[in-house]
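Dear colleague,

Please find below the structure that I promised to hand over. My notes on it follow, and I would be grateful if you read them with the structure open.

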Amino acid sequence: MRRLRWFMAVLLVFALIAAACGDDDDDGAADGDDTVPADDTAADDAGDDGAAEVLTDVGVDDEVIKVGLLADLTGIFSGLVVPLTDGTEAYFERLNDQGGVAGRQIEVITVDTGYDVPTHQQFYDQFSSTGEDGVAMIGFSTGSPHTASIRDDLAADGLAAIPLSWNSSWSAESGANIFEWGANYCVEAMNGVDYLANTHGAESIAIVSFPGDYGEDGAIGAKMAAEALGLEVVYDGQAAVVPGADQTPVISEIVASGADIVWTTVNSGTLAELMGGAADAGFDGQWGGNGPSFAPQLLATEVGPLLDTSYTHFQPYAGIGQGGAPGLEDVLALMREYRPDNQFLSVYVISWIQGEIVRQGLEAAAANGDMTREGIVNALQSTVLDMQGVLPPLDYSGDPNDQIVRSSFIYDVVLDNYDADATVLDDSGDGTELIDDAYTAAVVEEFEYEPCFAI
């Protein structure tokens, strides 16, 4: 009965997410007819619409630039991706109202991968085609194994993609067409374990994660930090948390370990099950986890008070409304104008960041006179992107050891700061409070970059 109670809390989270995200059509169909791509040997003529004269190939003509979104709208990370996708679409609506890029409107084509690798590959094949379904670039690709499945194809097809994933492999040479941003899962876990251990005087740690490219990247980082700090790993649950499975064995191991702190690399629904089940069995350790482990909607469920007292949230970006960076002010301005009824959620900062990478990359390509797929990749690889204080400037050139982001954002989870009815018109309501916006552990400073869980 206890496990059923926490499972029902998870179901409530997804119900709240559905209610939080406006009433936009999410069937993936873009308005209007598809356009026929321009010939790859010809430059566009500047017309009455003001389109810049540039070389183009697939997904760009003198009126439209097609951008594809590989989104998980119904899978295990839909709690993050549904509102994030809505925010991304709002970003491009505003950009189009401001004139688009190089005199062209951005046509966003959103598809639901369901967090399924074969489905992801199927839609990638659609986006990468050189026919009418082809896009100029991929605005985001959801999931680590999913993005890994198309990595070689991206290079072969000359397509740029922004990962909605922070696996540590993306900075490697093989990820040249993948434009990551923010601290990767491995680095984030190192920072997180260091902070939790120092803050709570911990001597022991339990580590639990999903199997595969997301979960194990975080788990390995957590173990690297534990070793550097001399923490005893009393339960190594790397890859032990199978999505959708009965988590009772994992919960029992956490409880039996008596760990001072627990590091999780899971999703929000599973976090609720693990924390709730362990608390019911008398476990009273402190918890933290990689960014996707937590969703503020959990604060409206029975696990909310436990999160308030026992969970610290880590993520690679600044929270909405927290700080005076020009970019954060712009996130609020965007959402207040284009989605005023949407819930107050920090995932809209991700929408803005990824929209900015697309915009600045396309504008740089236009300025170079080359908006072919390869031209867009080259522009991103040679342009320092100004992220208006939300992130350090993004530079995709040079040595990956110098390029990776090493700092993390740390947030206290505060139940009193959460208001399920708060919209972006309010000044707060996402249930977090900034602790540190640039936390970098000594083990991270000394880290010589290589992928932690190579894919």
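**Salt bridges and helix packing**

Arg359 and Glu363 are 4 residues apart in helix H11, so about one helical turn separates them. Please keep in mind that this is a predicted model. In general, an α-helix has 3.6 residues a turn, so residues three or four places apart point the same way. Arg359 and Glu363 form a salt bridge, in which the closest N and O atoms are 2.8 Å apart. Arg359 counts as buried because its relative accessibility, 18%, is under the 20% cut-off. Glu363, at 34% relative accessibility, counts as partly exposed.

The whole structure contains 7 salt bridges according to the search. Another of them joins Arg339 to Glu93, with 2.8 Å between the closest N and O atoms. Arg339 sits in the loop between helix H10 (326-338) and H11, whereas Glu93 is in helix H2, so this pair ties together parts that are 246 residues apart in sequence. Arg339 is buried, with a relative accessible area of 6%, while Glu93 is partly exposed, with 33%. Salt bridges with shared partners join Asp86, Glu93 and Arg339 into one network.

How do helices H2 and H11 pack, and at what angle? Helix H2 (residues 78-97) and helix H11 (residues 347-367) pack at about 45°, and their axes are 8 Å apart. H2 is therefore oblique to H11. The crossing of H2 past H11 is right-handed. Among the residues that meet here are Leu84, Tyr91 and Phe92 in H2, and Ile350, Trp352 and Val358 in H11. Glu356 and Arg359 of H11 also take part in this contact. By class, the contact of H2 with H11 has 11 nonpolar, 5 polar and 3 charged residues.

Finally, helix H12 (residues 373-382) has several buried residues, namely Arg373, Gly375, Ile376, Val377, Ala379 and Leu380. The buried residues of H12 pack against helix H3 (117-128), strand S4 (137-142), helix H4 (144-157), H11 and strand S11 (370-371).

Yours sincerely,

A colleague

Conventions
Residues numbered from 1 in each chain as written. Predicted model: local features only at pLDDT ≥ 70, side-chain atom pairs only at ≥ 80, totals over all residues. Heavy atoms only, no water. Axes fitted to C-alpha atoms, helices over the stretch in contact; angles between N-to-C directions. Helix = DSSP H or I, 4+ residues; strand = E, 2+ residues; numbered from the N terminus. Parallel < 35°, antiparallel > 145°, perpendicular 65-115°, else oblique. Left-handed = near helix turned anticlockwise from the far one by under 90°. Contact = heavy atoms within 4.5 Å. Nonpolar A, V, L, I, M, F, W, Y, C, P; charged D, E, K, R; others polar. Buried < 20%, exposed > 50% of the residue type's maximum accessible area, 1.4 Å probe, protein only. Salt bridge = Lys/Arg side-chain N within 4 Å of Asp/Glu carboxyl O.
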